[in-house]
Amino acid sequence: MTDKPSEPLVERRTHLREVVLKEAFIITQNGEIGCAVRNQHEHGAELRVAAGVEVPNTFRLRVPLDGANYRAEVRWRKGERLGIQIHSNFSLKVT
């Protein structure tokens, strides 16, 4: 067996992610699921949910710190992590 240096990881992302830690809520027909936003960009985000929580493929995501309500779709799942695509933002701020 030879020791070969591992090849560098290839970054496939097209949008720069901002590392954040924000409280958020997944809104479903059955109620709300608490979660954390771990990183985000204008078209998506990575969420963390509690172990064993079932999250539907499409939902609304409420992020109180942003004052926003996003329409979202799950793009990938890995354990308690979810990658979502954000389709639109509906402001929750009262003007």
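Arginine 62 is partly exposed, with a relative accessible area of 24% (buried means under 20%, exposed over 50% and partly exposed in between, using a 1.4 Å probe and protein chains only). This is a predicted model, so local features need pLDDT of at least 70 and side-chain atom pairs count only at pLDDT 80 or more, while totals for chains, interfaces and linings use all residues. Residues are numbered from 1 along each chain as its sequence is written, and side-chain values use heavy atoms, with hydrogens and water left out.

The side chain of arginine 62 pairs up with that of glutamate 32 in a salt bridge, 3.2 Å from N to O (a side-chain nitrogen of Lys or Arg within 4 Å of a carboxyl oxygen of Asp or Glu). Since arginine 62 sits in strand E4 and glutamate 32 in strand E2 (residues 31-41), the pair ties together parts that are 30 residues apart in sequence (strands are DSSP runs of E, at least two residues, numbered from the N terminus). Glutamate 32 is partly exposed too, at 48% relative accessibility.

The structure holds 5 salt bridges. Another one joins aspartate 66 to lysine 22, with the closest N and O atoms 2.7 Å apart. Here aspartate 66 lies in the loop between strands E4 (58-63) and E5 (68-78) and lysine 22 in strand E1, so this pair links parts 44 residues apart in sequence. Lysine 22 counts as buried at 13%, whereas aspartate 66 is partly exposed at 23%.

Then there is a network of salt bridges linking Glu46, Arg48 and Arg81. Within it, glutamate 46 is buried at 9% relative accessibility, but arginine 48 is partly exposed at 37%.

How values were computed: Helices (H or I, at least four residues) and strands (E, at least two) are DSSP runs, numbered from the N terminus.
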